[in-house]
Structure formats: structure tokens, C-alpha cells
Amino acid sequence: MAQLDDLPPLREIIRRHGLTAKKSLGQNFLLDLNLTARIARAAEPLDGTIVEIGPGPGGLTRALLALGAQRVIAVERDERAIDALQEVSARYPGRLDIVVGDALDFNAAAHVGRGRAKVVANLPYNIATALLVGWLTAEPWLPWYAMLVLMFQREVAERIVAKPGSKAYGRLSVLTAWRAEAKILFDVSPAAFVPPPKVTSSVVRLVPRDKPLACHSRALQRVTEAAFGQRRKMLRQSLKSLGVDPQALLAEAGIDPTARAEDIPVGGFAALARVFVARTAAPV
Ligand code: SAM
């Protein structure tokens with residue numbers, strides 16, 4: 001793809017604004033227009049509001065806008081990128097809101113307004129899991145977003161979509177399966193980024209479930225932390241750290257006490273979380 005718009009090439013933007021990549025901010029920029037367009041298209045239709053985390057020099061932002069996004073809210077922590085993003089905003093008047101700050105503090109309710117947004121991002125890997133866990137445990141449910149299209153390190157993407165019985169299956173897999181349907185769409189080689197990261201990346205699409213299994217999110221996190229914290233052990237042993245009788249907990253949840261964490265599908269963990277809440281006096 002020669003170009004998506006009539007703005008200067010990204011390399012020139014990066015040079016002009018002195019956007020040398022900072023490792024501390026997880027900066028690995030995407031300059032390949034085919035790729036930024038492919039990520040943007042994965043969130044089609046782009047008719048509502050798109051929240052982009054970490055726009056940096058604006059490559060993905062420009063793809064979203066060029067492909068028709070009506071409103072993009074771009075949350076960026078690096079103040080050096082703001083002038084570059086203002087240029088994009090001037091090219092697409094009234095369609096790009098720039099929010100300067102930490103994505104972990106982003107108040108979606110205050111910015112998104114009515115309707116549900118989609119989140120599209122080449123995430124800074126140092127906070128990618130924390131952001132995803134925050135989105136998956138959003139309250140109230142249904143959440144403020146209708147879809148997440150996110151780039152992760154391949155190894156994290158595999159944990160997100162992992163099924164019971166696999167090595168990658170863990171806390172993140174259970175939390176994801178509880179509240180969303182997740183799929184790895186495609187891999188992205190390190191060579192696509194400037195500078196190249198050490199590992200392959202993957203784009204994942206998550207669609208929140210309308211009716212997730214009833215359970216308390218903090219309790220689900222507590223039981224999965226305990227169970228996968230000692231994943232080689234039988235549950236009757238690993239769940240001892242919860243401070244309630246694990247045998248009784250497992251019996252009431254209808255789970256074999258000799259099973260291990262990686263054998264239990266999300267329904268089993270949701271049952272454990274419900275029983276845990278009912279049996280514990282202290283707030284979870
Ligand atoms: N979207 C750009 C692209 O695809 O080329 C940049 C992606 S780069 C992997 C991650 C971006 O997230 C950087 O621009 C970085 O400054 C930004 N970032 C890092 N930590 C952040 C945070 N806590 N809140 C918001 N943005 C952050």
C-alpha cells in the first residue's frame with residue numbers, strides 16, 4: 001500500500017518530532033501501512049467510537065480514520081507524541097480526541113459517552129495484561145466496549161485463548177473465557193516494528209459475552225490465583241491458601257478434589273467462586 005492519506009510518511013513524523021522509541025514506554029512502532037490497515041479492518045465496521053491505547057506517532061490512528069472511523073479517542077502517555085497526533089487531528093477535523101495520560105487511569109464512562117466503543121491497539125506490552133484484566137473485570141456488565149482488537153506478545157495471546165488441558169491454560173484464560181469470546185486473528189513478525197521486539201506478536205479479537213456465567217469477579221480471581229499458583233498440585237492441596245476447607249469447597253462445587261487447575265473449565269471455576277463467596281465471611 002503506497003499511502004493511506006496525504007499526511008507525511010510515519011518515518012518523517014518520527015524524525016521531525018524526535019520520537020526515538022523508549023523501552024520504558026513499550027514503544028515498538030508499526031510503520032507498515034498494510035499491517036495498520038489490516039488491524040483497523042479487524043474491528044470493522046468502524047461506525048461508532050474507537051478507543052486507541054498508545055497511538056504513538058499515529059500509524060494505526062491514521063489507518064482507523066482513513067478507513068472511516070467517525071471518532072477515535074487516542075490515549076497516549078508520551079507527551080512527545082502529542083504534536084504529531086495534533087497533525088492527524090487537523091487532517092480529520094472533529095474526529096480525533098487526544099487524551100494525554102496513563103491508559104490504566106482512562107475513565108471510559110467520561111469519554112465514550114452513549115453507545116459502546118471498540119478498543120483497537122498495538123498495546124505497550126508492559127501494561128497489556130493489566131489493561132486486559134481491567135477490561136474483562138469491568139462493572140457493570142455489559143461493558144462500555146463492544147469489541148477489543150489488540151496486539152499482544154504471541155505467548156500472552158496463547159494464554160488468552162488457551163483451552164483446559166493445555167500448557168498455556170491459566171488465570172488469564174479463565175478470566176477471558178468467563179467474559180469473552182477470544183480468537184487469535186494473525187501473527188506479526190518482529191521485523192514489522194521499529195525497533196523490532198525480541199518476540200513474535202499476535203492480534204487478538206475479543207467480543208464480550210452477553211451473559212457470562214454468574215460469579216463475582218474478585219472471587220474468581222482469588223480461586224484461580226490459588227489453583228494456578230500451584231498448578232502441579234491437586235486442587236484439594238492448592239486451594240488451601242484460600243483459608244477455607246478445600247474439600248468442602250470442592251464437594252459443594254461438584255469438582256473432583258484430585259483434579260488439577262489445568263483440567264477445570266471456566267464453569268468449574270465459576271462454581272468454585274460462587275461457593276467461596278457463600279462460605280467466606282470476609283469480603284473477597
Ligand atoms: N500505536 C503505535 C503503533 O502502532 O505504532 C504505538 C504502539 S507502541 C507498542 C505503544 C504505545 O503506548 C506507545 O506510543 C507508548 O508511548 C504508549 N504507552 C505506553 N504506556 C502507556 C500508558 N500507560 N498509557 C498510555 N499510553 C502508553
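Which strand holds the place of Ser-202? Ser-202 sits in strand S9, residues 201-208; strands here are DSSP runs of E with at least two residues, helices are runs of H or I with at least four, and both are numbered from the N terminus. This is a predicted model, where local features need pLDDT of at least 70, side-chain atom pairs count only at pLDDT 80 or more, and totals for chains, interfaces and linings use all residues. Residues are numbered from 1 along each chain as its sequence is written, and side-chain values use heavy atoms, leaving out hydrogens and water.

Let's look around Ser-202. Its relative accessibility is 0%, so Ser-202 counts as buried (under 20% relative accessible area, with exposed over 50% and partly exposed in between; 1.4 Å probe, protein chains only). Beyond its neighbours within four places in sequence, Ser-202 touches residues including Phe-152, Ile-184 and Asp-187, where contact means heavy atoms within 4.5 Å.

| Pair | Distance |
|---|---|
| Ser-202 and Asp-187, side chains, polar contact | 2.8 Å |
| Ser-202 and Ala-63, C-alpha atoms | 18 Å |

A polar contact is a pair of N or O atoms within 3.5 Å; within protein, one must be able to donate a hydrogen and the other to accept it, and residues adjacent in sequence count only if both atoms are side-chain atoms.

Now to strand S2, residues 49-53: five of its five residues are buried, so S2 is largely enclosed by the rest of the structure. Thr-49, Val-51 and Ile-53 point one way from S2, while Ile-50 and Glu-52 point the other way. S2 pairs with strand S3 (residues 71-76) in the parallel sense over five bridges; pairing takes at least two DSSP bridges between two strands. Thr-49 has Arg-71 as its bridge partner in S3.
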